[in-house]
Amino acid sequence: MASGLRGIKTVKDLVVKDKVVFLRLDLNVPLKDGRITDETRITASLPTIQYLMDQGSKIVMTSHLGRPKTAEDKKYSLEPVGKRLSELLKAEVILVEEPGGDAVKQLLMGLRKGQLILLENVRFVPGETKNSVEFAQRLAKDIDVYVNDAFGASHRAHSSIHALPELIKEKGVGFLIEKEIQMLDQLIENPKSPYFAVLGGAKISDKIAVIEKLIDIVDGFIIGGAMAYTFLKAQGREVGKSLVEEDKLKYANEMMGRIEARRKTLLLPVDHLVSQGIADTTNTRVTTDANMKANELGVDIGPRTIENFATALKSAATVFWNGPMGIFETAEFSKGTFAMAKAVADCPGLKIVGGGDSAAAAEDSGYASKMTHISTGGGASLEYLQGEKLPGLEVLRTKIRS
Ligand code: AMP
C-alpha cells in the first residue's frame, strides 16, 4: 500500500452493501454553452460509482463545479454532468436541487436498482466553502458511509470534504484517489534515477514549495514557461517585457546556488519565441540566445531549448511534469509545450503529469495515453508532493496510537 494511504480505508475495505453511500466526486468539468468540453473527470469517477452500484449501495453523489456565488448561478449547475453520467452508467441519475434539503430522505425510500441521486453543486450552499458543520450535519443525516473520490478538491477544507466525514464513522477513499496517491508516492519514495522535474507555468511562487521538496530527490530541474524568466533575469539576462516575479529574484538566485551546490542539473531556456505583446501572434521571432530586446516578451521556449530539454529526458527513469512551457492556449505559442509533452511521453520511465494546465496540454498534444498517469488535481497534486497534509485525506485516517 502507498504510504500516503496508511490508516485510510479504500472503498473495498468498507461495508457498503445495501448501505446509503455519500460519494464526493470531483465532477468539476469545463463547460462551454452548457456543453462539457472535457469529460476526463467524469470518466475517472466511473470505477468507484460502478463498484458501488454492483454492491447494491444506494448512492448519493455530489461535486462542486466552478465558483458559483449563489444557487441562482445556473451556469454552474451539475445538470449536464448528471445527463452524461446517466448515459455512461446506463442508469437514471436523479438531480436534487437543494443539497442538504429534505428531498433525499424521500427519494432514498423509493430508490430502485439503477437509480442514483446527484445533489446539485455543493457550492450553491454558502456553508460548503466555509467548512460549515451545520451544512455537514444536514448532509449526514441520511447516510451510512462516506467515500471521498474527489482528489482535485481534497486540499480544501470544505464541508463535503472535511466537516461531513468527521461526522461519519464508516469512511474511506475511492479508486481514483487510491490511484492518485499510489502514483504520486512513487515520485517521492525511492524514485528511480535519472529523475527530472519539468516545471513551467506562470509563477515561481506557486512552485517554490515543490522545488524545495524535490531538490534532494531529483537529479535535475527543467524549467520553462514564464517561471524561467525570473531565473534568467536573476542570472543577469535581458528578458524584456516578459512576466517576471521581481520579488522572487533573490530566491531564484539562492535556489540556483543550492542546485549547483548539490551538483544537480538545472536546464533553463537558451532561446525563446518572443513577441511584442501577449496577443500579438504576427510580430514574433526566435532569439539567438537567452536574451531578448527590451520591447519583447517571451511567449514560448525556442527550438534549441526544446532539443536540450528533450535530450535530457531521453534516458529519464522518472519524470514529473507540471506547467506549460509557454502560452500554450494560443496555437502559435504552443509548440514548446506540445514538444515537451512528446518528450515526456517518449521517455522510457515513469512519467507523471500534474493536473491543471499540464493535463490539458498533454490531452491537446495527443500524447496523453502514453503518460503513466495524469493527475486529476493540479493544486492537490502539488500540495501532496510538497508534503502538505490534505484535509480531505487526513479526516479519513484512523489515528494510529504509538
Ligand atoms: P500555472 O497555473 O502557474 O501552471 O500557469 C499556467 C499558465 O502559465 C498558462 O495559462 C500559460 O499561458 C501561462 N504561461 C506559460 N508561459 C508563459 C509565458 N511565457 N508568458 C506568460 N504566461 C505564460
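Residues are numbered from 1 along each chain as its sequence is written, and side-chain values use heavy atoms, with hydrogens and water left out. Because the model is predicted, local features need pLDDT of at least 70 and side-chain atom pairs count only at pLDDT 80 or more, while totals for chains, interfaces and linings use all residues.

**Aromatic pairs**

The whole structure holds 2 aromatic pairs (ring centres within 6.5 Å; planes under 30 degrees apart are stacked, over 60 edge-to-face, the rest tilted).

| Pair | Centre to centre | Angle between planes | Type |
|---|---|---|---|
| Phe22 and Tyr146 | 5.8 Å | 10° | stacked |
| Tyr51 and Phe175 | 5.4 Å | 85° | edge-to-face |

Phe22 is in strand β1 and Tyr146 in strand β7, 124 residues apart. Helices (H or I, at least four residues) and strands (E, at least two) are DSSP runs, numbered from the N terminus. Both Phe22 and Tyr146 are buried, that is, under 20% relative accessible area with a 1.4 Å probe and protein chains only. Tyr51 lies in helix α1 and Phe175 in helix α6, so this pair ties together parts 124 residues apart in sequence. Tyr51 is buried, at 16% relative accessible area.

**Helix α5**

Of the 8 residues in helix α5 (residues 159-166), 7 are buried. Among them are His162 and Leu164. Their cover includes β1 and β7, where contact means heavy atoms within 4.5 Å.

**Ligand site**

The ligand is surrounded by 16 residues, each with a heavy atom within 4 Å. Ala202 and Glu329 are among the closest.

Note on methods. Buried < 20%, exposed > 50% of the residue type's maximum accessible area, 1.4 Å probe, protein only. Phe/Tyr/Trp six-rings, centres within 6.5 Å; stacked < 30°, edge-to-face > 60°.
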